[in-house]
Amino acid sequence: MYFDTHAHYDDEKFDENRDILIEEMHSNGVDYIINIGSDMESSVKSMELAKKYDFIYAAVGVHPHEVRDMTEADIERLREYSKYEKVVAIGEIGLDYYYDFSPRDKQKYWFERQLELAAELDLPVSIHSRDAAQETFDIIKNSRVRKGVIHAYSGSVEMARDYIDMGFYIGVGGVVTFKNAKKLIDVVRFAPMEKILLETDSPYLSPVPLRGTVNNSQNLKYVADKIGEIKQISPEKVCEITSQNAKVIFWQKKVVA
């Protein structure tokens, strides 16, 4: 029923109950999960989870927080990782000018290099953007990448339109349930259902009424309920359409049962 297109089950917050939780989620309607890499180590862990569980797939990439020490050797390692059939995207990549954990020049350089890699491999991307909306958009527009998801979308309706026109999907998670989510609600109202993806960012961004707890993919129920309310369709229809959307963008030539 649910397709979680962005989660981090390699995170240490799941160390005590990871296997039990993952099995429980799958038994309770979570059909597919994409575990997203945020550095070289987590990219490997994402692949390990994908090898262990039939319904988990992986994205490999380096988050802007972690690019300060990135090298060309890492690009080659990501290229090798991408040969694994269950690696379905390059990510999480992008810009983060809120924390600036990595110098901005390095963020931009390695964002561009990872976009180049995705274009070479014909893989979609999972994009992180915080306090860098226009620069993120401009770098993507100037790249050859025309498929992916803007994770935890926080931009304007106008920019969402431009991303959709370029071929991208809008990632919607727990934030849509927050009291201060008016801008995102406007984006969801505008965006065609065929361009929306469900995501959790587990263990982060738990939806209301669970805000502040460790998030997991079962909580997509609250996201689907809210989107259904905004779009005036049933939560079941939200899940059906967004799951199909995810298969269109991520499966490509990958074979899925």
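Biologist: How many bridges join strand β6 to strand β7?
Modeller: Three bridges join β6 (residues 148-150) to β7 (residues 168-172), and the two strands run parallel. Strands here are DSSP runs of E with at least two residues, helices are runs of H or I with at least four, and both are numbered from the N terminus. Two strands pair if DSSP finds at least two bridges between them. The model is predicted, so local features need pLDDT of at least 70 and side-chain atom pairs count only at pLDDT 80 or more, while totals for chains, interfaces and linings use all residues. Residues are numbered from 1 along each chain as its sequence is written, and side-chain values use heavy atoms, with hydrogens and water left out.

Biologist: Which residue of β7 is the bridge partner of G148?
Modeller: F168 is the bridge partner of G148.

Biologist: And what packs on the sheet there?
Modeller: Helix α5 does, touching β4 (87-96), β5 (125-130), β6 and β7. Contact means heavy atoms within 4.5 Å. The direction of α5 makes about 150 degrees with that of β5; axes are lines fitted to C-alpha atoms, for helices over the stretch in contact, and angles run from 0 to 180 degrees between N-to-C directions.

Biologist: What is the strand order of the sheet?
Modeller: The open sheet has eight strands in the order β1-β2-β3-β4-β5-β6-β7-β8, with parallel pairing. Its edge strands, β1 (2-7) and β8 (196-198), each pair on one side only.

Biologist: Back to α5: at what angle does its axis cross that of α4?
Modeller: The axes of α4 (residues 104-121) and α5 (residues 133-141) cross at roughly 35 degrees and come within 10 Å. K108, F111, E112 and L115 of α4 meet E135, T136, I139 and I140 of α5.

Biologist: Where is N142, and is N142 buried or exposed?
Modeller: N142 lies in the loop between α5 and β6. It counts as exposed because its relative accessibility is 68%; exposed means over 50% relative accessible area, buried under 20%, and partly exposed in between (1.4 Å probe, protein chains only). The C-alpha atoms of N142 and E112 are separated by 9.3 Å, although the two residues are 30 apart along the chain.

Biologist: Changing topic, which residues are buried in α1?
Modeller: In α1 (residues 18-27), R18, L21, I22 and M25 are buried. They lie on the same side of α1 because they cover an arc of only 100 degrees around the axis, taken from the directions from the helix axis to the C-beta atoms.

Biologist: What do they pack against?
Modeller: The buried residues of α1 pack against β2 (30-36), α2 (40-52) and β3 (56-60). The face turned away from that buried side carries the exposed residues I20 and S27.
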